[in-house]
Amino acid sequence: MKKFDLKNIKIRKVTVDQLNDRMLLINLYATQALTLVIGLIWIFFQRQNPISLWNVPQGMEFVYWGLGLGTAVIAVDLLLSRWIPEEAADDGGVNDRLFRGRPVWHILLISLVVSICEELLFRGAVQRSFGPYWTSIIFAAIHVRYLRHWIPTGLVFSISYGLGWIYEETGTLWAPVLAHFAVDAAMGLIIRFRREA
């Protein structure tokens with residue numbers, strides 16, 4: 001039986017082009033699982049009940065807030081994409097690789113998983129500790145692929161701040177989850193069905 005040796009593990013930088021589709025999805029779902037675990041641990045140490053964070057409020061106000069912010073973000077993003085050069089919004093091809101050939105059901109699933117995991121961590125846990133401003137800085141920083149250009153970094157920060165704001169206004173995670181899902185799903189579907197110029 002061969003002995004496992006930690007010294008033989010080699011870590012190297014890999015670009016998105018070097019990942020096959022399976023590894024790209026494994027990376028995506030593994031990072032979301034890690035985000036979920038960190039969020040749950042953080043919530044535990046804050047002595048919050050993670051189940052109560054998911055209580056659905058009475059009324060539809062949170063839906064209006066979530067869909068309203070999601071629609072506004074999509075509209076701004078589409079308007080900016082008309083005037084901003086493509087290289088200024090480059091994410092290294094991650095979104096294109098992730099969504100281009102993906103079936104619609106999988107785009108919706110990815111959007112749902114990402115919105116639930118990230119909102120639980122950032123709005124449910126981090127924002128409670130640091131407030132919406134610093135949470136948005138951290139949120140923008142973990143979206144590393146956008147940090148090479150100030151426009152997408154500013155957009156991610158602004159979107160995160162908006163998500164934090166509607167969380168404060170509605171008092172429920174469902175509003176930012178709905179907004180996050182709407183933005184990711186719409187952008188994923190746009191990438192999926194976009195015609196090449």
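Reader: How far apart are the end C-alpha atoms of helix α6?

Author: Helix α6 covers residues 174–193, which makes 20 residues. The expected span of a helix is 1.5 Å times one less than its number of residues, so α6 should span 28 Å. The model agrees, because the end C-alpha atoms of α6 are 28 Å apart.

Reader: Thanks! What kind of model is this, and how are its residues numbered?

Author: Side-chain values use heavy atoms, without hydrogens and water, and residues are numbered from 1 along each chain as its sequence is written. This is a predicted model, in which local features need pLDDT of at least 70, side-chain atom pairs count only at pLDDT 80 or more, and totals for chains, interfaces and linings use all residues.

Reader: Which pattern does the protein follow along the sequence?

Author: Helices (H or I, at least four residues) and strands (E, at least two) are DSSP runs, numbered from the N terminus. The protein has six helices and zero strands. Read along the sequence, the pattern is α-α-α-α-α-α.

Reader: Which helices are among those that cover the buried residues of α6?

Author: Buried means under 20% relative accessible area, exposed over 50%, and partly exposed in between (1.4 Å probe, protein chains only). The buried residues of α6 include Ala175, Val177, His180, Ala182 and Ile191. Their cover includes α2, α3 (94–99), α4 (104–142) and α5 (150–170).

Reader: How many nonpolar, polar and charged residues does the contact of α2 with α6 have?

Author: These two helices pack at an angle of about 35° with their axes 7 Å apart (axes are lines fitted to C-alpha atoms, for helices over the stretch in contact, and angles run from 0 to 180 degrees between N-to-C directions). Contact means heavy atoms within 4.5 Å, and those taking part include Phe62, Trp65 and Asp77 of α2 and Trp174, Leu178 and Met187 of α6. Ala, Val, Leu, Ile, Met, Phe, Trp, Tyr, Cys and Pro count as nonpolar, Asp, Glu, Lys and Arg as charged, and the others, Gly among them, as polar. By class, the contact of α2 with α6 has 17 nonpolar, two polar and one charged residues.

Reader: And which residues of α6 does α5 meet?

Author: α5 and α6 pack at an angle of about 145°, with their axes 8 Å apart. On the α5 side are Leu163, Ile166, Tyr167 and Thr170. Their partners in α6 are Ala175, Pro176, Ala179 and His180.

Reader: Is Ser115 buried or exposed?

Author: Ser115 lies in helix α4. Leaving aside its neighbours within four places in sequence, Ser115 is in contact with Val177, His180 and Phe181. The relative accessible area of Ser115 is 0%, so Ser115 is buried.

Reader: Which residue has a side chain joined to that of Gln46 by a polar contact?

Author: Gln46 sits in the loop between α1 (21–45) and α2 (61–83), and counts as buried because its relative accessibility is 16%. A polar contact is a pair of N or O atoms within 3.5 Å; within protein, one must be able to donate a hydrogen and the other to accept it, and residues adjacent in sequence count only if both atoms are side-chain atoms. The contact here is 2.4 Å, and the partner is Gln48.

Reader: Is Arg47 buried or exposed?

Author: Arg47 is found in the loop between α1 and α2. Although not a glycine, Arg47 has a positive phi of about 60°. Its relative accessibility is 77%, so Arg47 counts as exposed.
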